[in-house]
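Trainee: Could you take me through the surface patches and the ring pairs of a model, explaining how each is to be read?

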Amino acid sequence: MRAPEAVAADRNPAQRAAGNDSDPRRWRILALLSVAELLGMSLWFTATAVSGELGARWELSPNQVGWLATAVNLGFVAGTAVAALLNLADIIRSRVYFATAAVLAAVVNAAVLVAPGFATAAGLRFATGFLLAGVYPPAMKMIATWFRSARGLAIGTIVGALTVGKAMPYLLKAFPRAGAEQVIIGASVGALTGAVLVALFYRDGPFPFSRRPFSWGLAGKVLRHRETRLATAGYLGHMWELYAMWAWVPVFLAASSEAAGQGGGWVELASFGALAAGGIGCVWGGWAADRIGRERLVIQAMTVSGLCCLAVGFLFGGPFVLVTAATLVWGFFVVADSAQFSTLVTEVAPRGAAGTALTLQTCLGFLLASFTIQAVPVAAGAVGWAWAFAVLALGPSAGIVAIRRFARCRAGV
């Protein structure tokens, strides 16, 4: 049953907003979920951060190294597809779903260290992504039960935390004498810690989403809903760019440093900074979206990040400080809008389908991202790393068109 205060708030919008703003526990829960999400999602790029060492250990080709990153995306796609079809995010308690998935993902991630070769390692990375489908989308739904008036900021903070979490393997790798064992085990321990935090201390807020029985048709209902479909289309434009940038900007920075004849000792820290800057970007994006409107914030962020796809090409091979500064700006804006697509879905999705809508949205986005992750090194082979990212600008361009249509639809125009 829903809490009495939640029922009362639904009947009285003014009381609902006041109750939302007056509950001090929501900030403590936001901090808790942010830390847990950061620790859980640190598993994502562990193999990518130490791909050179793993590649040498198993004698991998450049294409196989790329598949270690893509396998996580494909696993996440499969995990979110299964979760969407089975309505897992709407029928399983989020706390149980998150904690169980994080524990299993930590174990599977650590198993890469004993993998005999590429096939097993790729399968384990796929399984890691599959299990992380129970960490990422549920956390957004969980924090939404505590926030309404500042939901953009709250979900932005969660996405910012997972962004920093995904950058953590590069920070671990930057420590002296840190190798594959330290990076992979360190991330797994972090994910286990995140699972414990959620299992022991998280509870749903005063504005829970209604739970519903299983329905095979729920995913189809979400896809037929026009506003949800347009918000997802904007997210697809965003995802065309995001993970390809995250996966390959460390290689871009290394190639630029080498082309300039400079030492590569700062590449790991610069790579961490390029990804971690997005954590600040997400918090800023949530704060700004709650004030100027989500659609406007999304369009502004995609405009800047799309321009960065092209601008970094002109700086390639230049002073490393300047190239790093450009990737920091790109890293800030490339994900500043990410949480707002999810926030829009929680606001417009059909009743009782918020979890499935979020899961389906992320499933489609990561499926598309798997393609662009593989496409960027192909582009680099054809035109060089200076212009390999130019093709990513197509995503923000298409996303802006979709969100403009969403805004008109929501306004009834």
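Trainee: Does Phe130 count as buried, partly exposed or exposed, and at what relative accessibility?

Mentor: Bear in mind that this is a predicted model. The general idea is that buried means under 20% relative accessible area and exposed over 50%, with partly exposed in between. Phe130 has a relative accessibility of 33%, and therefore counts as partly exposed; the residue is found in helix H9.

Trainee: Which residues make the nonpolar surface patch?

Mentor: Val82, Leu85, Leu86, Phe126 and Phe130 make this patch, which covers about 370 Å², and at least two of its residues come from each of helix H6 (62-85) and helix H9 (118-132).

Trainee: Which residues gather in the patch of positive charge, and which helix gives the most to it?

Mentor: On the surface, the positive patch brings together Arg226, Arg229, Arg404, Arg405 and Arg408. Helix H14 (226-259) and helix H20 (394-410) each supply at least two of its residues, and H20 gives the most, with 3 residues. Arg408, which lies in helix H20, counts as partly exposed because its relative accessibility is 44%.

Trainee: How many aromatic pairs does the structure hold?

Mentor: The structure holds 21 aromatic pairs. In one of them, the ring centres of Trp284 and Phe332 are 5.6 Å apart and the planes stand at 45 degrees, so the pair is tilted. This pair links distant parts of the chain, with Trp284 in helix H15 (residues 267-292) and Phe332 in helix H17 (residues 320-334), 48 residues apart. Trp284 is itself partly exposed, at a relative accessible area of 30%.

Trainee: Which residues do ring pairs link into a cluster?

Mentor: The cluster consists of Trp44, Phe76, Tyr136, Tyr243, Trp246 and Phe366, linked by ring pairs.

Note on methods:
Residues numbered from 1 in each chain as written. Predicted model: local features only at pLDDT ≥ 70, side-chain atom pairs only at ≥ 80, totals over all residues. Heavy atoms only, no water. Patch = residues over 30% accessible without salt bridge, like charges linked within 9 Å, V, L, I, M, F, W, Y side chains within 5 Å. Areas by Shrake-Rupley, 256 points an atom, 1.4 Å probe, with all protein chains shown as cover. Salt bridge = Lys/Arg side-chain N within 4 Å of Asp/Glu carboxyl O. Lys, Arg positive; Asp, Glu negative; His and termini not counted. Charge placed at Lys NZ, Arg CZ, Asp CG, Glu CD. Helix = DSSP H or I, 4+ residues; strand = E, 2+ residues; numbered from the N terminus. Buried < 20%, exposed > 50% of the residue type's maximum accessible area, 1.4 Å probe, protein only. Phe/Tyr/Trp six-rings, centres within 6.5 Å; stacked < 30°, edge-to-face > 60°.
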